[in-house]
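The sequence and model are shown first.

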Amino acid sequence: MDIKTIEWKKNKIKIIDQTRLPDRLEYIYLDNIKDLRKAIRILSVRGAPALGAAGGLGVYLGIKDFKGKKKEFNRRLRDVALYLASSRPTARNLSWGIDRACNAALKNMHLNIDGIKLIALRESLAVIKDDIKASRSIGRYGASLIKDKDSILTICNAGILATVDYGTALGVLYRAKEEGRRFRVYICETRPLLQGTRLTAWELKKKGIEATVICDNTAASLFKDNKINKVISGADRIALNGDTANKIGTYNLAILSRYHNIPFYIAAPLSTFDFSLTSGEGILIEERNPQEVRTLLFKIRVAPLGVKVFNPSFDITRHELISAIITDKGIIRPPYGRNIRKYYVNQRSG
Ligand code: MRU
């Protein structure tokens, strides 16, 4: 599928405006960090790995027109980083992408300011390249878990639109299809912003994968009727013990999987792991605008005026409920405490 979720074009960030899908495939150009932050907040660009790319490029966007002394430049770099990172706090990749571009700049403070800017741009382009590689690699590892006649449940969108290209959870399915497996997919609609209905259904249709959208609250009865034999989802942040933050409702599916004795897989690149957190308890869960729940996509009001709303965007699935984590470096199985650390150590020494 020849679409690019995010790229650097004409000295601007070019993204698909995901709020318009599936009606219209529209691209927008962002040339300042205020517009970028807004695009992230309203989910024009979304999904952890795509946010990593946006973060890296955003750093360059925030410094490229700077003129002044090095000390002020340094301050600008930090301000830009904080401003962008605060737009969506749960997705680990956002701050990871920002940190990569910033750290590359900070390590080269001996250069002149134009030279440092160029280093930040190069690093953010490397973030993009690395994500493309990581998604393909997740697909290769994960496809081995998908068998003929599987019936797989997924939530939210962890595909092309959530990454630079190909996807994590959906990348596994794309690769399995390329390898000739035949399977079907159920997609949770993913209230309130319907990433499942709008985005995953759109992608899977374009890829020719048989898919059925269900209301989120239909999942349990599908399990009971033996209509699901595998669950696969993406991740927004994974702690050292394997606890995983992902779209609200993922935890429900993990509990259902355990009860019905069905494997529950997470697919994510190592850039989604937060090696500073020993468990999911330290993960900050983003709470979003109540209007997302009171309305249908901000168009039709469905709740009494002023009714209270609780709208967390993510939940945490405890590691005990996760059968395996498919990463770009291999499939990690329990015990996660020990096995994730091995990957962490390899990554630092590699
Ligand atoms: O709020 P969103 O749409 O950004 O949430 C996205 C998800 O929860 C995805 O599953 C996650 O970012 C993984 S994307 C490969």
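Arg 100 and Glu 123 meet in a salt bridge whose closest N and O atoms are 2.9 Å apart. This pair joins distant parts of the chain, with Arg 100 in helix α4 (residues 92-106) and Glu 123 in helix α5, 23 residues apart. The model is predicted.

| Pair | Closest N to O distance |
|---|---|
| Arg 100 and Glu 123 | 2.9 Å |
| Arg 24 and Glu 26 | 3.2 Å |

Arg 100 is buried, at 18% relative accessible area, and Glu 123 is partly exposed at 22%. Asp 114 and Lys 117 lie three residues apart in helix α5, so about one helical turn separates them. Asp 114 is exposed, with a relative accessible area of 56%, whereas Lys 117 is buried at 6%. Elsewhere, salt bridges with shared partners connect Arg 41, Arg 88, Glu 286, Arg 288 and Glu 292 in one network.

Asp 131 is located in helix α5 (residues 113-143). Although buried, Asp 131 has no salt bridge, and the nearest oppositely charged side chain, Arg 100, is 8.9 Å away. Beyond residues up to four places away in sequence, Asp 131 touches Pro 49, Thr 163, Val 164 and Asp 165.

Helix α7 (residues 195-206) is largely enclosed by the rest of the structure, because nine of its twelve residues are buried. The elements covering these buried residues include β4 (151-154), α6 (169-178) and β9 (244-247). Just after α7, Gly 208 adopts a positive phi of about 70 degrees.

Conventions:
Residues numbered from 1 in each chain as written. Predicted model: local features only at pLDDT ≥ 70, side-chain atom pairs only at ≥ 80, totals over all residues. Heavy atoms only, no water. Buried < 20%, exposed > 50% of the residue type's maximum accessible area, 1.4 Å probe, protein only. Helix = DSSP H or I, 4+ residues; strand = E, 2+ residues; numbered from the N terminus. Contact = heavy atoms within 4.5 Å. Lys, Arg positive; Asp, Glu negative; His and termini not counted. Salt bridge = Lys/Arg side-chain N within 4 Å of Asp/Glu carboxyl O.
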